[in-house]
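Subject: Structure handover

Hello,

Here is the structure for you to look through. Please open it first, then read my notes below.

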Amino acid sequence: MKTARFLQAQPLFGGVDDRAMAAIIPLLREVNFAAGEVIVKEGDDGDAMFVICHGSVEVLKSCPTAANVLGTRIAVLGVGDVFGEMELIDLQPRSATVRALEPVEALALSNGDLFRIYEFDMPTFALIVLNLARELSRRLRRIDDLAVLC
């Protein structure tokens, strides 16, 4: 498993202190995916988000005219990036498909475990949710830039 220092250097856990990380690390589940493996599928129910520790993934959005049956690539994510976070915030089905481009090692945090953080450490929960909001805002800004090509 990745160390607390590694996680604290990633956007999701930025600002989380050592004491809180010691409580969070046991909640994280290690998962591994082979190159080409679909990790999450658009439209499926989701209950976990993932932090990429090694490898990279592509994010695919369905499109009737896409050559790829899984959809059109809208992003490539690598070490330190998160995916699946939207389902923890809005409790809606997966908004995109995510497929491993190479072998991927990740840490999964379930909706239930995020709630456990809420129950035992409200300030850390608030910080993590703020970090998630910042990440979603960064992504929205990138999409805004792509939508308006001047």
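Below is what was found in it.

This is a predicted model: local features need pLDDT of at least 70, side-chain atom pairs count only at pLDDT 80 or more, and totals for chains, interfaces and linings use all residues. Residues are numbered from 1 along each chain as its sequence is written, and side-chain values use heavy atoms, leaving out hydrogens and water.

**Sheet**

Helices (H or I, at least four residues) and strands (E, at least two) are DSSP runs, numbered from the N terminus. Two strands pair if DSSP finds at least two bridges between them. Strands E3 (48–54) and E8 (104–110) share six bridges. Val51 has Leu107 in E8 as its bridge partner.

**Cores**

A nonpolar core is a set of buried Ala, Val, Leu, Ile, Met, Phe, Trp, Tyr and Cys residues joined through side-chain atoms within 4.5 Å. Buried means under 20% relative accessible area, exposed over 50%, and partly exposed in between (1.4 Å probe, protein chains only). The largest core has 23 residues. Phe13 and Ile117 are among those with the most contacts inside it. A second, separate core has 17 residues, including Phe50 and Val59.

Helix H4 (111–120) has Asp113, Leu114 and Ile117 buried. Seen down the axis of H4, its buried residues fall within an arc of 105° (taken from the directions from the helix axis to the C-beta atoms), so they line one face of the helix.

**Charged residues**

Glu58 sits in strand E4 (57–61). Glu58 is buried, at 5% relative accessibility. Its side chain makes polar contacts (N or O atoms within 3.5 Å; one must be able to donate a hydrogen and the other to accept it; residues adjacent in sequence count only if both atoms are side-chain atoms) with the side chains of Arg73, at 2.8 Å, and Arg99, at 2.5 Å.

There are 11 salt bridges, each a side-chain nitrogen of Lys or Arg within 4 Å of a carboxyl oxygen of Asp or Glu. One of them joins Asp121 and Arg19 (3.2 Å, N to O). The two are 102 residues apart. Asp121 is buried at 6%, whereas Arg19 is exposed at 53%. Another joins Arg139 and Glu85, at 2.7 Å. Arg139 lies in helix H5 and Glu85 in helix H3, so the pair ties together parts 54 residues apart in sequence. Both residues are buried.

Best wishes
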